[in-house]
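Below are some notes for a colleague who has the model open. They are set out as numbered points, to be checked against the coordinates.

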Amino acid sequence: MNMDTTTDIVLLGLAVFGILIAFTIAGEGMRARLPRGESNPVVEAFVMRVHTWWGLAILLTLALLLGRIGIILLFAFASFAALREFLTFARKRRADHLPLALGCFVILPLQYVFVALDWTALFTVFIPVYAFLLLPIVSALRGDATNFMGRVAETQWGLMICVFCISHVPALLTYDMPDGSDRSILLIVFLAMVVQLGDVFEYYAGRRFGRRKIAPDLSPKTVEGMVAGVFAAALIGAVLSWVTPFGVLGAAAMAALSFIVGMFGSLVFAAIKRDKGVKDWSHLIPGQGGLLDQLDSVIFAAPIFYHVTQLVWS
Amino acid sequence: MSDLASLPRRIAARAVGHALAFVARFITAVRADWRGIEPVAKQRVYYANHVSNGDMPMIWTVLPGHMRRQTRPVAAADYWLKNRLRAFVGPEVFNCVLIDRRPEAREEDPMAKINQALSEGSSLIIFPEGNRNMTDDPLLPFRAGLYNMGRAHPEVDLVPTWVANLNEIMPKGEIIPLPLICTVTFGAPIHVAEGEDKDTFLKRAADALVALAPEGRYELTSPEGRYELASPEGRDQSAPPEKRDPDQGAPAP
C-alpha cells in the first residue's frame, strides 16, 4: 500500500478514536452524575455500546492496515456470522441441509474469492443467478415439497443480503480511482462512517425530538430522526470528501443517499425480526445484539454505494 | 513414572479439547444461558436432551474451564471405543465415564461406575433419554438412572440443560454441521424429594427440562406424558405434522 494511503488510514483511525474518547468521557460523565450506588439503564446501554464501537473500530483499522487481504477476510467472516444468524431463523427442513451447507461453505467463500480476484462480471451474477438456480435443484432432489417456495425464498434471501450485499463493501477495493492511486480502500471507511454515524444521530435525535413515526408497527424510527440523520450523514460526508473522488457536494450527496438506503434497510430488518418474533438476531456483540443488528443499514447501503460509485464516478 | 510417560498424551488431549471447543464456537457461536444456576464449581449432574452427537461437545464447550475439568460426560462404551481415534477423544479429551449399554456383555454395573464418579466429586453430563431422540416429541421417556443418582447422592444438584437447535445444525445422517446459532440453557436444579417415587420424579425432571426449550411451545397433551407443540406456528409454520411412529413416543412400560 502507498505511504499516503496508510497515513490517511492512521489519521482516520485517530479521528474515530477521538470521537470514541469523547463518547467514553460523556458516558463516564453521565455515570458520575448519578447518585452513588445507582445506575441508569440508558446510560449503561450507551457505555456498553461505546465499548463495542471501540472493539469494532480497532478491528476495522487493523484490517485496513493489513490491506486487501485483511479487509476481504474481515468481511468474509462478517458474512459468515450474519448468514449464521439469518439462517437460524429461516424456514428450513431436512431436505435443505445440503443446499444450506453448500451456501455457507462453498458459495460464500467463492463469492469472496471472486471479489479478491476482481472478477467483477462473475461476482455480480454468481449468487443471484447461479446459486439461485443451483440450490433449489439440490433441495428438490430430496423430494420434499412441503412449503418449498417459502423455504427456497427465505434461505436465498439470506444469501442475497448476508453474502451478496456484504461482499459489496470489500468490492469497493476493485474501484479504480480516477487518479490511479490505491485509495479506494478509504471508500470503505467513508461508507462505514457516514452510515454508522448517521445511525447514531438518527437514533438519538429521534429519541429526543421524534414525533411522527415512519412505520409505527415496525420500529420507533421517526421522520424527525431521519431528517437529522440525513443532515448529519451529509455533513460527515462533506467533511470526509478528501478521501473520495466525489468532491465536497458529491460526497455529501453520496453520504445522504447511503444513509437513506441504509435506514430503510434497517426498517426491513425490523420487519423480518417482527415476523420471526425475535428482538435481536443473536448475542454475538455485547450491547448490540447480533452482527445483523449492527450491520443492517450497511448491508443495504453497500451495493447502492458500490454501483453509484462505479456508474457516476468512473 | 507412568505419569511422566502419559504427559504428552495429556497435553495432546488438552490441545484437542481446545480445538474442538474452538470449532464448536466457530460453527454455532454457542452460548450459555445461566437461567437457574450460576457458573460456579458446585457438584452437579447436568441432564440434557439428546438429538445429535453434537450435544455433549456443546455443553462441554460452554462450561468455563474450571468447571469443565471437574465435569465428566457419561457416554456409551461401544461408541467411544470403536476405533483408536474415538478411544482417545472420548476417555482422554472429554474424560468420559464409559458405560456399557449391552447388558449381555457387561462386566461392570453402569450405575456403580456412575456412583463412583459422583463419590469422587466429579460433576456429570448425562442424557437420560438413553438414545438420540429422532421423533418430533421434544423428549423421549427418561430412563431410571437420573432417579437413582438423585437418590444415592441427594447433595448433588440435578441441573436441567436444554441444547437448542442441534437437530437442525446436525440432523442424524448428515456429516456437515450447518452454521446456526446454538444456545445451551441451564435451569434451576432439582432434587429427589422425600418419599418421591421414580415415575413422579422422572416426569418432574422432564417437565423442568422441556420448560427451558426456547421454542417454548411444548405442552403436555396426553396423560401418558407425551409433549407436543403447543401451536403449530413454529419455525416451520405451514409444515403439516409429520407421521409419527406410534411406538416411538410411547412411554416406557
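1. B:Val51 counts as buried, because its relative accessibility is 13%, under the 20% cut-off. In this predicted model, B:Val51 sits in the loop between strand S2 (44-48) and helix H2 (55-62) of chain B. Beyond its neighbours within four places in sequence, B:Val51 makes contact with B:Arg132, B:Asn133, B:Leu166 and B:Asn167. B:Pro138 is 87 residues away along the chain, yet its C-alpha atom is 9.2 Å from that of B:Val51.

2. A:Gln156 belongs to helix H7 (residues 148-165) of chain A. Its relative accessibility is 7%, so A:Gln156 also counts as buried. Residues up to four places away in sequence aside, A:Gln156 touches A:Ala131, A:Phe132, A:Leu135 and A:Pro136.

3. The largest nonpolar core has 110 residues, and the members that touch the most others are A:Ile71, A:Ile127, A:Phe190 and B:Phe186. Helix H3 (residues 68-89) of chain A contributes most to this core, giving 12 residues. For A:Ile71, the contacts outside four places in sequence are A:Leu60, A:Ala63, A:Leu64, A:Pro170, A:Leu173, A:Ile185 and A:Ile188. Another core, of 30 residues, lies apart from the largest one; B:Ala117, B:Ile126, B:Tyr147 and B:Ile190 are among its members.

4. On the interface: chain B puts 26 residues into the contact and chain A puts in 22 residues. The area buried between the two chains is about 2,100 Å², with 61% of it from carbon and sulfur atoms. Three salt bridges are found across this interface, together with five residue pairs in polar contact, both residues being at pLDDT 80 or more. On the side of chain B that touches chain A, helix H1 (2-28) and helix H8 (166-169) of chain B each supply at least two residues. H1(B) has the largest share of that side, four residues. By type, the residues of that side are 14 nonpolar, four polar and eight charged.

5. Which residue of chain A forms a salt bridge with B:Glu174? The partner is A:Arg94, with the closest N and O atoms 3.6 Å apart. A:Arg94 is in the loop between H3 and H4 of chain A and B:Glu174 is in the loop between H8 and strand S7 (183-186) of chain B, so this pair joins two chains.

6. Over all chains, a search of the whole structure gives 20 salt bridges. In one of them A:Arg93 pairs with A:Asp144, the closest N and O atoms being 2.8 Å apart. A:Arg93 lies in the loop between H3 and helix H4 (97-117) of chain A and A:Asp144 in the loop between helix H6 (126-141) and H7, so the pair ties together parts 51 residues apart in sequence. A:Arg93 counts as buried at 15% relative accessibility, and A:Asp144 counts as buried at 17%.

7. A:Asp293 and A:Lys273 form a salt bridge, their closest N and O atoms being 2.5 Å apart. The pair links distant parts of the chain, with A:Asp293 in helix H12 (residues 291-312) and A:Lys273 in helix H11 (residues 247-276), 20 residues apart. Both A:Asp293 and A:Lys273 are buried. Elsewhere, A:Arg93, A:Asp96, A:Asp144 and A:Arg151 are joined into one network by salt bridges that share partners.

Technical notes
Residues numbered from 1 in each chain as written. Chains lettered and ligands numbered in written order. Predicted model: local features only at pLDDT ≥ 70, side-chain atom pairs only at ≥ 80, totals over all residues. Heavy atoms only, no water. Contact = heavy atoms within 4.5 Å. Buried area = accessible area lost by both parts, 1.4 Å probe. Salt bridge = Lys/Arg side-chain N within 4 Å of Asp/Glu carboxyl O. Polar contact = N/O pair within 3.5 Å; in protein donor to acceptor, adjacent residues only side chain to side chain. Nonpolar A, V, L, I, M, F, W, Y, C, P; charged D, E, K, R; others polar. Buried < 20%, exposed > 50% of the residue type's maximum accessible area, 1.4 Å probe, protein only. Core = buried A, V, L, I, M, F, W, Y, C linked by side-chain atoms within 4.5 Å.
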